[in-house]
Amino acid sequence: MKLINYLREWLIIFLFSLLVITVSLGIFSRFLTTTPFAWTEELSRFLFIWLAWVSASITVAKGANITFDILLSFLGRKLGYIPYIIVDIISIIYISLIIYFGYKLCINNISVLSPLLNVPMWLINLAIPIGGILMLIEQMRLLIERRGKEPC
């Protein structure tokens with residue numbers, strides 16, 4: 001688990017750094033030259049997609065994903081951990097659907113290329129199942145940790 005966290009954090013740092021460099025190049029080329037770099041807009045969009053999907057697993061790991069916090073904290077006093085486990089199970093089902101449909105999207109776009117960079121679109125869409133797998137790992141870890149514990 002520590003290896004996955006380490007690799008994920010370094011991937012996020014790398015993607016964010018590359019995104020800042022790409023956007024800066026686009027801005028400078030727009031203001032300093034008469035012909036701006038057209039590829040920077042497309043590359044920055046692709047980097048942002050990957051960054052969003054990979055970093056979404058950090059929000060799941062910290063328990064900051066979208067839940068019914070007020071309802072759960074109110075019910076938590078009376079029902080204990082049961083509402084939290086139900087939300088975790090629903091989240092696992094939802095994330096599993098994201099992984100499945102993200103995989104199908106990759107398969108459907110296997111021969112499609114991006115307009116400017118000619119990057120296969122399945123590589124861009126691969127961010128969805130990979131981010132989903134990372135989120136699923138974190139959500140299952142939360143479920144295992146919460147099982148049998150009284151909520152905060």
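This is a predicted model: local features need pLDDT of at least 70, side-chain atom pairs count only at pLDDT 80 or more; totals for chains, interfaces and linings use all residues.
1. Overall make-up. The chain contains six helices and zero strands, and its elements run α-α-α-α-α-α from the N terminus on. Of its 152 residues, 34% count as buried. The accessible surface comes to about 10,000 Å², and carbon and sulfur atoms hold 74% of that surface. Among contacts in the chain with a separation of 6 or more, 72% are between residues 24 or more positions apart.

2. Helix H2. This helix covers residues 39-61. The end C-alpha atoms of H2 are 34 Å apart, which agrees with the 33 Å that its 23 residues should span at 1.5 Å a residue. Its buried residues are Thr 40, Glu 42, Ser 44, Phe 46, Leu 47, Trp 50, Leu 51, Val 54, Ala 56, Ser 57, Val 60 and Ala 61. These buried residues pack against H1, H5 and H6. After H2 comes Gly 63, with a positive phi near 70°.

3. Helix H6. This helix covers residues 127-146. H6 has 20 residues and reaches 28 Å from its first C-alpha to its last, close to the 28 Å expected at 1.5 Å a residue. The buried residues of H6 include Pro 129, Gly 131, Gly 132, Leu 136 and Leu 143. Their cover includes helix H1 (2-32), H2, helix H4 (82-108) and helix H5 (121-125).

4. The H2 and H6 pairing. The axes of the two helices come within 8 Å and cross at roughly 5°. H2 is therefore roughly parallel to H6, as angles under 35 degrees count as roughly parallel. On the H2 side the contact is made by Ile 49, Trp 50, Trp 53, Val 54, Ala 56, Ser 57, Val 60 and Ala 61. On the H6 side the contributors include Ala 127, Ile 128, Ile 130, Leu 134, Met 135, Arg 141 and Leu 142. By class, the contact has 13 nonpolar, three polar and two charged residues.

5. Glu 138. Leaving out residues up to four places away in sequence, Glu 138 touches Met 1, Asn 5, Arg 8, Ser 57, Val 60 and Ala 61. Of these, Ser 57, Val 60 and Ala 61 are buried residues of H2, and Glu 138 is also listed in the contact of H6 with H2.

6. Ile 98. This residue is found in helix H4 and counts as buried because its relative accessibility is 16%, the limit being under 20%. Its contacts, apart from neighbours within four places in sequence, are Trp 53 and Ile 128. Trp 53 belongs to H2 and Ile 128 to H6, and both take part in the contact of those helices. The C-alpha atoms of Ile 98 and Pro 129 are separated by 6.9 Å, although the two residues are 31 residues apart along the chain.

7. Asn 118. Where does Asn 118 lie? Asn 118 is in the loop between H4 and H5. Its phi is near 55°, a positive value in a residue other than glycine. Most residues other than glycine have a negative phi.

Conventions: Residues are numbered from 1 along each chain as its sequence is written. Side-chain values use heavy atoms; hydrogens and water are left out. Axes are lines fitted to C-alpha atoms, for helices over the stretch in contact, and angles run from 0 to 180 degrees between N-to-C directions. Helices (H or I, at least four residues) and strands (E, at least two) are DSSP runs, numbered from the N terminus. Angles under 35 degrees count as roughly parallel, over 145 as roughly antiparallel, 65 to 115 as roughly perpendicular and the rest as oblique. Contact means heavy atoms within 4.5 Å. Ala, Val, Leu, Ile, Met, Phe, Trp, Tyr, Cys and Pro count as nonpolar, Asp, Glu, Lys and Arg as charged, and the others, Gly among them, as polar. Buried means under 20% relative accessible area, exposed over 50%, partly exposed in between (1.4 Å probe, protein chains only). Accessible areas come from the Shrake-Rupley method with a 1.4 Å probe; for residues, only the protein chains shown count as cover. The expected span of a helix is 1.5 Å times one less than its number of residues.
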